[in-house]
Amino acid sequence: MGDTVRTFNVSGDHILNIEEARKLYLKSGAQALIAFGGGSLAEEALYLAAIQSYRGAKYSESGSLFRRYRRNFPSGSHADEAQTMAAKEAVRKYQQKVAKK
């Protein structure tokens with residue numbers, strides 16, 4: 001298999017744009033996804049990792065990543081969405097705990 005570089009330009013940093021980029025990545029069969037955006041590379045990479053974990057139903061991992069994002073980038077371009085997603089994970093954990101009783 002030869003090395004091939006595929007480039008996709010998905011503008012905007014809203015979660016729907018990130019999902020569009022993810023779909024293009026999965027459809028293309030590429031081996032890696034590199035995201036550049038309005039924030040720093042580290043900020044974008046952490047947010048994308050959290051989104052990937054959430055979409056893969058790894059909720060505990062994604063909650064941890066969203067909380068880390070909020071801690072490291074409190075005024076980052078995805079701060080509000082990260083806060084919402086971290087809160088959803090906290091509620092899910094609480095509901096599971098209550099259901100076990």
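**Exercise 1.** Which pattern does the protein chain follow, read along the sequence?

*Solution.* The model is predicted: local features need pLDDT of at least 70, side-chain atom pairs count only at pLDDT 80 or more, and totals for chains, interfaces and linings use all residues. Residues are numbered from 1 along each chain as its sequence is written, and side-chain values use heavy atoms, leaving out hydrogens and water.

Step 1. Helices are DSSP runs of H or I with at least four residues, strands are runs of E with at least two, and numbering starts from the N terminus.
Step 2. The protein chain has four helices and zero strands.
Step 3. Its pattern along the sequence is therefore α-α-α-α.

**Exercise 2.** Classify His 78 and Arg 68 as buried, partly exposed or exposed.

*Solution.*
Step 1. Buried means under 20% relative accessible area, exposed means over 50%, and partly exposed lies in between (1.4 Å probe, protein chains only).
Step 2. His 78 has a relative accessible area of 1%, so this residue is buried.
Step 3. Arg 68, in helix α3, has 36% relative accessibility, so Arg 68 is partly exposed.
Step 4. For the protein chain, 28% of the 101 residues count as buried.

**Exercise 3.** Find the side chain that a polar contact joins to the side chain of His 78.

*Solution.*
Step 1. A polar contact is a pair of N or O atoms within 3.5 Å; within protein, one must be able to donate a hydrogen and the other to accept it, and residues adjacent in sequence count only if both atoms are side-chain atoms.
Step 2. The partner is Ser 77, with a contact of 3.5 Å between the two side chains.
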